[in-house]
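Let's take a friendly walk through a protein model, with the sequence and the fold side by side.

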Amino acid sequence: MSSTDNNNQTIRNASLEAQFTHVAHDAVDTRHHGAIHVPVYQNSLFAFETYEAFEQAFQSLMDNHIYSRGNNPTVDYLEKKLAALEGAERAKCFASGMGAISAAIMSCIGAGDHIVCVDQAYGPTREFLSEYLNRFGVETTFIDGRSIESWRAAARPNTKLLYLESPTTLHFQLQDLRACAAFARSIGARTIIDNTWATPLYQNPLALGVDLVVHSVTKYIGGHSDCVGGVVLGSRELVDAVGNKEYMLFGAIMTPQTAALVAKGLRTLPLRMQRHEASGMAVAEHVRSLPFVHQVNHPGMASHPQHELAASQMSGSSSLFSFRTSAPPATMKLWADKLQYFRIGVSWGGFESLVTVNAAGKQPEDGSIVRLYIGLESPQDLIGDIDQAAEALSLGAES
Ligand SMILES: *Cc1c(COP(=O)(O)O)cnc(C)c1O
């Protein structure tokens with residue numbers, strides 16, 4: 001049973017490389033015949049030798065393999081790896097990022113409670129808070145979130161949760177994680193952060209005092225645009241509470257096949273992130289030099305208004321950023337059509353570069369916010385692609 005008794009205490013002291021290769025006992029496990037990658041346990045249930053052992057297992061649903069809407073060994077393996085990387089006692093994987101987010105939120109609130117949430121949070125998260133939870137008497141106040149004063153001003157006596165997403169993924173604005181966590185503690189509220197952009201490699205909010213971290217592992221962690229999944233991380237107490245209730249009762253479980261795919265993605269996460277970070281910075285610097293671009297939103301750039309905060313709470317940057325142009329969305333959509341390497345599509349975190357065009361305001365003259373995701377292609381090819389598309393449309397200096 002060596003793969004289930006992993007000890008995070010010893011792992012946190014291991015090198016990053018060791019964490020990716022050896023956490024959760026990748027060392028030869030005789031149960032798996034030395035299989036070098038985690039096998040897919042394609043089982044709904046697990047049988048017991050004695051009735052006593054069966055009843056014993058029910059003492060701790062999240063620690064024993066009883067049923068796969070609970071604890072499947074392949075998913076369990078991924079959860080232990082993710083927990084070690086994020087510096088968490090526990091992780092619970094879900095069918096999607098939204099499965100993880102809605103479960104984590106539900107675990108923190110009840111009827112009549114109030115939530116404060118950053119207004120640039122992921123769209124479906126905002127919809128869940130503003131529309132869905134309203135039906136149950138839970139109210140959410142959305143705020144800019146860049147200053148700690150805005151959180152203080154929005155809090156009420158019944159505020160039970162501060163929901164953070166830093167950076168946000170269109171405007172790339174940050175919240176001060178240490179200050180938000182300390183404030184939440186002072187009013188007896190919990191904090192959840194969507195840490196998808198930074199990945200566990202570049203930001204560890206639990207170490208800064210945040211209670212629960214969520215990721216869409218669909219993005220960088222999976223890394224190959226081949227599966228959808230999510231994870232909730234934090235203390236044993238809080239994550240087991242999510243596992244025993246929202247995970248078991250809503251049933252948005254990660255399948256063992258997805259867990260094996262994500263675990264395969266994890267093996268190259270440090271390598272991929274190094275490349276994404278360097279290419280993202282190179283392309284962002286180039287974009288900033290283009291005459292039709294008047295602002296680049298990338299927390300890793302010294303020109304970002306919160307760059308100092310970024311450097312104080314993140315150890316690196318990923319490769320999703322946006323730029324502002326006065327060219328109307330219709331023009332920038334034609335520009336996107338001319339791109340050859342960048343594909344037009346939602347999501348990000350895979351090998352392929354992507355582009356989306358958003359209106360910066362209500363009128364076409366307000367211009368556009370173009371979001372670029374820099375994949376694993378050569379940055380020189382991507383820069384050349386951006387330039388040829390601009391030349392084809394004669395996108396020159398701003399009119
Ligand atoms: C994609 C995404 C989500 C949702 O994840 P799914 O896996 O698509 O459910 C949540 N937050 C952020 C920042 C995302 O980019």
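The sections below cover the model, its domains, its cores, its sheet and one annotated lysine.

## About the model

This is a predicted model, in which local features need pLDDT of at least 70 and side-chain atom pairs count only at pLDDT 80 or more, while totals for chains, interfaces and linings use all residues. Residues are numbered from 1 along each chain as its sequence is written, and side-chain values use heavy atoms, with hydrogens and water left out.

The protein chain has an average pLDDT (the predictor's confidence in each residue, from 0 to 100) of 93, and 92% of the residues score at least 70. Take care with residues 1-12, where pLDDT stays under 50. For that stretch the model has 28 contacts (heavy atoms within 4.5 Å) beyond four places in sequence.

## Two domains

The domain assignment, whose bounds come from an automatic or database source, gives domain 1 (37-267) and domain 2 (269-398). Their centres, taken over C-alpha atoms, are 28 Å apart. Across the boundary, 32 residues of domain 1 are in contact with 34 residues of domain 2.

## Nonpolar cores

A nonpolar core here is a set of buried Ala, Val, Leu, Ile, Met, Phe, Trp, Tyr and Cys residues joined through side-chain atoms within 4.5 Å. Buried means under 20% relative accessible area, exposed over 50%, and partly exposed in between, using a 1.4 Å probe and protein chains only. The largest core has 82 residues, and Leu78, Ile105, Trp151 and Ile192 have the most contacts inside it. Because domain 1 and domain 2 both give residues to this core, it lies between them.

Leucine 78 touches Cys93, Met254, Ala259, Val262, Ala263 and Leu266, leaving aside neighbours within four places in sequence. Apart from this core lies another of 27 residues, among them Leu290, Phe323, Val355 and Ala389.

Strands are DSSP runs (E, at least two residues), numbered from the N terminus, and helices are runs of H or I with at least four. Two strands pair if DSSP finds at least two bridges between them. Five strands form an open sheet of mixed pairing, in the order 8-9-12-11-10. Strand 8 (293-297) and strand 10 (343-344) are the edge strands, each pairing on one side only. Strand 8 runs antiparallel to strand 9, joined by four bridges, with valine 293 opposite threonine 325.

Strand 12 (residues 368-373) is largely enclosed by the rest of the structure, because six of its six residues are buried. Ser368, Val370 and Leu372 cover one side, and Ile369, Arg371 and Tyr373 the other. Strand 12 pairs in the antiparallel sense over six bridges with strand 9 (residues 320-325), and also over six antiparallel bridges with strand 11 (residues 354-359). Serine 368 stands opposite threonine 325 and is also the bridge partner of alanine 359.

## The annotated lysine

Which residue does the annotation "modified residue: N6-(pyridoxal phosphate)lysine" cover? In the unreviewed UniProt entry, the residue is Lys219. UniProt positions are given in the numbering used here, feature names are shortened, and annotations may be inferred rather than shown by experiment.

Lysine 219 sits in the loop between strand 6 (212-216) and strand 7 (230-234). Lysine 219 counts as buried because its relative accessibility is 9%. Not counting residues up to four places away in sequence, lysine 219 touches Thr196, Ser347, Trp348 and Gly349.
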